[in-house]
Amino acid sequence: MSRINSAFKNGKAFIAFLTGGDPNIEKTKEFVLEMIKAGADLIEIGIPFSDPIAEGPVIQEANNRALKAGATVEKLFSLVADLRKEAACANVPLVFLTYLNPVFYYGYDAFFKRCADTGLDGIIIPDLPFEEQPPVREAASKYDIDLISLIAPTSEARIKEIAKTATGFIYLVSSMGVTGIRSEITTDLFSITEAIKSVTDTPVAIGFGIHTTEQAAKMSKIADGVIVGSAIVKTIAQYGENAAPHIYKYVKEMKDAIR
């Protein structure tokens with residue numbers, strides 16, 4: 001059983017996102033370990049990119065801070081390798097969230113071989129259309145890296161088609177638009193989840209906009225996991241290098257809410 005599959009076997013999974021290299025690589029490692037200690041079941045690490053089209057202002061600004069601090073793809077690969085040496089991180093799945101350009105530039109085969117060598121489990125590529133997945137999926141599969149599919153509220157006609165090929169987990173986007181905190185989520189996520197579950201056993205996790213314990217508890221009743229990013233990144237923006245205890249407290253509260 002893969003580490004990603006295992007993350008969903010002990011109740012609802014809490015998936016935490018942060019931007020790699022914000023405010024620096026050393027602090028990213030510290031923050032990841034704090035999130036794991038607080039109960040995070042899976043960690044998404046964003047590769048900073050100059051034009052993150054799916055991201056709202058909070059994560060866009062984190063990308064800019066990380067790039068200014070010198071974050072690179074190679075440094076993030078080294079970060080993953082370092083995390084895998086930590087006992088606390090031995091069985092926790094680590095996933096990159098990146099745009100296609102850095103992967104294409106690196107070379108698909110070389111990129112996914114590097115993922116496997118460092119201990120990465122999966123990848124999320126928001127700007128990779130479903131129809132253009134095959135060469136990326138083939139390269140990722142060669143090295144046992146899960147290419148995690150996104151299903152958006154507008155994907156209704158293609159939900160089952162996308163779900164059938166999904167590996168790792170399915171990222172169900174809660175709302176239209178870019179990432180960011182939302183006061184209310186009105187999408188009929190229950191119906192979308194039911195449609196997904198009718199064709200696959202791959203776990204479904206809901207992300208985009210979730211930031212309160214009440215939202216997390218509500219979404220955990222619909223899906224197998226809950227994804228939170230902007231609220232964590234906002235905490236890092238607020239507290240900088242001193243964010244660790246604040247991240248721990250927030251992640252623990254969110255994990256407790258979905259137990």
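Student: Which residues touch the most other members of the largest nonpolar core?
Tutor: In this predicted model, the largest nonpolar core has 67 residues. Another core, of 20 residues, lies apart from it and includes I4, A13, I59 and Y171. Within the largest core, the residues that touch the most other members are M35, I43, F96, F111 and F112.

Student: Which residues does I43 touch, not counting residues up to four places away in sequence?
Tutor: I43 is one of the residues that touch the most other members of the largest nonpolar core. With residues up to four places away in sequence left out, the contacts of I43 are A16, L18, V32, M35, I36, V92, P93, L94 and V95.

Student: How many Å apart are the end C-alpha atoms of helix α4, and what span should its 12 residues have?
Tutor: Helix α4 covers residues 73-84. At 1.5 Å a residue, its 12 residues should span 16 Å.

Student: Within what arc do the buried residues of α4 fall, seen down its axis?
Tutor: The buried residues of α4 are V73, L76, F77, L79, V80, L83 and R84. An α-helix has 3.6 residues a turn, so residues three or four places apart point the same way. Seen down the axis of α4, the buried residues line one face of the helix, because they fall within an arc of 155°.

Student: Which elements do the buried residues of α4 pack against?
Tutor: The buried residues of α4 include F77 and L83. The packing partners of the buried residues comprise both helices and strands: α1 (3-7), α2 (25-37), β2 (42-46), β3 (94-97), α5 (100-106) and α6 (108-118).

Student: With which residue does R84 form a salt bridge whose closest N and O atoms are 2.7 Å apart?
Tutor: R84 is buried, with a relative accessible area of 16%. The partner of R84 counts as buried at 9% relative accessibility and lies in the loop between α6 and β4 (122-124), 37 residues apart from R84. That partner is D121.

Student: Which residues do salt bridges that share partners join into one network?
Tutor: A search of the whole structure finds 16 salt bridges. One of them pairs R84 with D121. Through shared partners, one network joins R3, R84 and D121.

Student: How many disulfides does a search of the whole structure find?
Tutor: A disulfide is a covalent bond between the sulfur atoms of two cysteines. The cysteine sulfur closest to that of C89 is in C115, 15 Å away, which is too far for a bond. C89 counts as buried at 0% relative accessibility, and C115 likewise counts as buried at 0%. The number of disulfides found is 0.

Methods. Residues are numbered from 1 along each chain as its sequence is written. This is a predicted model: local features need pLDDT of at least 70, side-chain atom pairs count only at pLDDT 80 or more; totals for chains, interfaces and linings use all residues. Side-chain values use heavy atoms; hydrogens and water are left out. Helices (H or I, at least four residues) and strands (E, at least two) are DSSP runs, numbered from the N terminus. The expected span of a helix is 1.5 Å times one less than its number of residues. Buried means under 20% relative accessible area, exposed over 50%, partly exposed in between (1.4 Å probe, protein chains only). The arc is that of the directions from the helix axis to the C-beta atoms. Contact means heavy atoms within 4.5 Å. A disulfide is a pair of cysteine sulfur atoms within 2.5 Å. A nonpolar core is a set of buried Ala, Val, Leu, Ile, Met, Phe, Trp, Tyr and Cys residues joined through side-chain atoms within 4.5 Å. A salt bridge is a side-chain nitrogen of Lys or Arg within 4 Å of a carboxyl oxygen of Asp or Glu.
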